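Please open the model in your viewer and keep the selection panel at hand. The stops below say what to select next and what is there.

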Amino acid sequence: MTRGIKMANPVQFISQVRAEVGKISWPTRREVVTTTIMVFIMATLASIFFFLVDLVIKTGLSGILNVVGS
């Protein structure tokens, strides 16, 4: 049961949806391409950073284990 809930008129609902969609600020093609390229650049930089951090940690732990294990 739907007590206390006012059901909207479907035509009025569609009209309100269209009005809200009209308020959306859609990005231009250039903005989409620019932000996509920036995402790829940042993902590449992050992967290089984490690779280097992982390499430093691996090298440091290997050195410590070699000293302690000998």
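Is valine 67 buried or exposed? Valine 67 is exposed, with a relative accessible area of 66%, where buried stands for under 20%, exposed for over 50% and partly exposed for what lies in between, with a 1.4 Å probe and protein chains only. Before going on, note that this is a predicted model, in which local features need pLDDT of at least 70 and side-chain atom pairs count only at pLDDT 80 or more, while totals for chains, interfaces and linings use all residues. Residues are numbered from 1 along each chain as its sequence is written, and side-chain values use heavy atoms, with hydrogens and water left out.

Now show the whole chain as a cartoon. The protein has 2 helices and 0 strands, these being DSSP runs numbered from the N terminus (helices: H or I, at least four residues; strands: E, at least two). The C-alpha atoms fill a box of roughly 80 × 45 × 10 Å along the principal axes. The radius of gyration is 28 Å, whereas a compact globule of 70 residues would have one near 11 Å; the value is taken over C-alpha atoms, and the globule rule is 2.2 Å times the number of residues to the power 0.38. Of the 70 residues, 0% count as buried.

Next, select helix α2, residues 29–69, in which valine 67 lies. Valine 67 also belongs to a nonpolar surface patch of about 820 Å², made together with Phe49, Phe50, Val53, Ile57, Leu61, Ile64 and Val68. Patches of this kind join nonpolar side chains (Val, Leu, Ile, Met, Phe, Trp, Tyr) within 5 Å, like charges being joined within 9 Å, and take residues with over 30% relative accessible area and no salt bridge.

The structure holds 1 aromatic pair: phenylalanine 49 and phenylalanine 50 stand edge-to-face, 5.2 Å centre to centre with 70° between the planes. Rings of Phe, Tyr and Trp (its six-membered ring) pair if their centres lie within 6.5 Å, and planes under 30 degrees apart count as stacked, over 60 as edge-to-face and the rest as tilted. Phenylalanine 49 is partly exposed at 48%, and phenylalanine 50 is exposed at 55%.

For the last stop, select glutamate 20 and lysine 23, whose side chains meet in a salt bridge at 3.1 Å, N to O. The term requires a side-chain nitrogen of Lys or Arg within 4 Å of a carboxyl oxygen of Asp or Glu, and by this rule the count comes to 1. Glutamate 20 is partly exposed at 45% relative accessibility, while lysine 23 is exposed at 62%.

How values were computed:
Areas by Shrake-Rupley, 256 points an atom, 1.4 Å probe, with all protein chains shown as cover.
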